[in-house]
2 protein chains.
Amino acid sequence: MEKKIFNKFLKERGQKFTKERSAILQRIFSYHGHFDTESLYLKIRETGLKASRASVYRTLNLLRECGLIEKVTKTEHGTIYEYTFGHEHHDHMLCIGCGTIIEFYSEDLERLQENICRRQDFKGVTHSLEIRGYCKRCQKNKK
Amino acid sequence: MEKKIFNKFLKERGQKFTKERSAILQRIFSYHGHFDTESLYLKIRETGLKASRASVYRTLNLLRECGLIEKVTKTEHGTIYEYTFGHEHHDHMLCIGCGTIIEFYSEDLERLQENICRRQDFKGVTHSLEIRGYCKRCQKNKK
DNA sequence: ATTGATATTGAGAATCAGTCTCAATTATGG
DNA sequence: CCATAATTGAGACTGATTCTCAATATCAAT
């Protein structure tokens, strides 16, 4: 399914659906969640498939343009992406203690943001809300 | 005022309030808004004061630990900070067209976030909401 | 003010994510 | 199968940020 979408996207731009791009897409799909560039690259190597770092970076940019993945955040150790195709929009809580990412969605929050944009004559395209703090488990461990 | 706070912070950690740190703090204070590391460094050079890039980076980290400034976002061209001491908490809209940053604050938004955290047993510490889109002017220019 | 112990500075080296180069390779439509 | 144009990968490059370390500055105690 996502293969079809990517393929169509590439064709429209006169670009090619190569082995490498296919391998990268497959691996990303296997995450069903968040991932960073380097571990994606390593995972591809592990599984015997091949794709250079350069190709991984290039393909991630293509997939982003095509709308299948999104940048979640930039950390000191690189960019974190998530596979968004077929996933509803959501925001993130990031646990400072253990790095866990919790996804959440709030209809009220979305509506409120639309109102805020309207008030400022701002045309919102995307947004990202990241709440940093401590997850249930890390709160316990601190005590 | 902010000098006092920084000074106290440094003393508590057995660190020193140097000419360079003073110069950097002064320049940051003169922004009263957002700034990035490189333009801060250049501004310091311009005004005849001196501080190396290394010192600027080091001091920004200290000021962040001390709570006087905060990272707003990481872009491809470096980290953007803002002077937060004495400023109310707020969130940001970032214009994709011209890079303008619009600050806004919504009591409802804050309350809603607290509710969401409570529901997930998550103890929120900080959050950042960034809405990317087009400001009034850039919407006009596109037409 | 002098001293001494310690923190800081700056210039440039080092690091690290990400992009670019370019010759060799591959996908794709006909 | 061919021709053409896109892609690949290794490594060079870039740009932000951190690190190194010898020279210097700070500060508390004298």
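Between chain A and chain B of this predicted model, 12 residue pairs are in polar contact, both residues of each pair being at pLDDT 80 or more. Six elements of chain A each supply at least two residues of the side that touches chain B: strands E2 (69–75), E4 (91–95), E5 (101–104) and E6 (123–134), and helices H5 (107–119) and H6 (136–142). E6(A) gives the most, with 12 residues. By class, this side of chain A has 16 nonpolar, 10 polar and nine charged residues.

**Extent of the interface**

- The contact draws 35 residues from chain A and 35 residues from chain B.
- About 3100 Å² is buried between the two chains, and carbon and sulfur atoms give 64% of that area.
- On the side of chain A, the residues that lose the most area to chain B are A:Lys74, A:Phe122 and A:Arg132, together 19% of what that side buries.

**Salt bridges between the chains**

- Two salt bridges are counted between chain A and chain B.
- A:Asp121 forms a salt bridge with B:Lys136, with 3.4 Å between the closest N and O atoms.

**Strand pairing across the interface**

- E6(A) is joined to strand E6 (residues 123–134) of chain B by 11 bridges, and the two strands run antiparallel.
- A:Leu129 stands opposite its counterpart in E6(B), B:Leu129.
- A:Tyr134 has B:Lys123, in E6(B), as its bridge partner.
- Within chain A, E6(A) also pairs with E4(A), in the parallel sense and over four bridges.
- In that pairing of E4(A) and E6(A), A:His92 has A:Glu130 of E6(A) as its bridge partner.

**Relation between the copies**

- Chain A can be laid on chain B with an RMSD of 0.4 Å, by a turn of 179 degrees and a shift of 0.1 Å along the axis.
- The C-alpha of A:Leu129 is the one in chain A nearest the axis, 2.1 Å from it. A:Leu129 is also the residue that stands opposite B:Leu129 in E6(B).
- The same surface serves both copies, as 100% of the contact residues of chain A recur in chain B.

**Fold of chain A**

- Chain A has six helices and six strands.
- Along the sequence, these elements of chain A follow the pattern α-α-β-α-α-β-β-β-β-α-β-α.
- Taken along the principal axes, the C-alpha atoms of chain A fill a box of roughly 45 × 45 × 25 Å.

**Salt bridges in the whole structure**

- Over all chains, a search of the whole structure finds 13 salt bridges.
- One salt bridge within chain A is formed by the side chains of A:Glu38 and A:Arg53, at 2.7 Å from N to O.
- This pair links distant parts of the chain: A:Glu38 lies in helix H3 (residues 37–46) of chain A and A:Arg53 in helix H4 (residues 53–66) of chain A, 15 residues apart.

Note on methods:
Residues numbered from 1 in each chain as written. Chains lettered and ligands numbered in written order. Predicted model: local features only at pLDDT ≥ 70, side-chain atom pairs only at ≥ 80, totals over all residues. Heavy atoms only, no water. Contact = heavy atoms within 4.5 Å. Buried area = accessible area lost by both parts, 1.4 Å probe. Salt bridge = Lys/Arg side-chain N within 4 Å of Asp/Glu carboxyl O. Polar contact = N/O pair within 3.5 Å; in protein donor to acceptor, adjacent residues only side chain to side chain. Nonpolar A, V, L, I, M, F, W, Y, C, P; charged D, E, K, R; others polar. Pairing = 2+ DSSP bridges. Least-squares fit on C-alpha atoms with pLDDT ≥ 70 in both.
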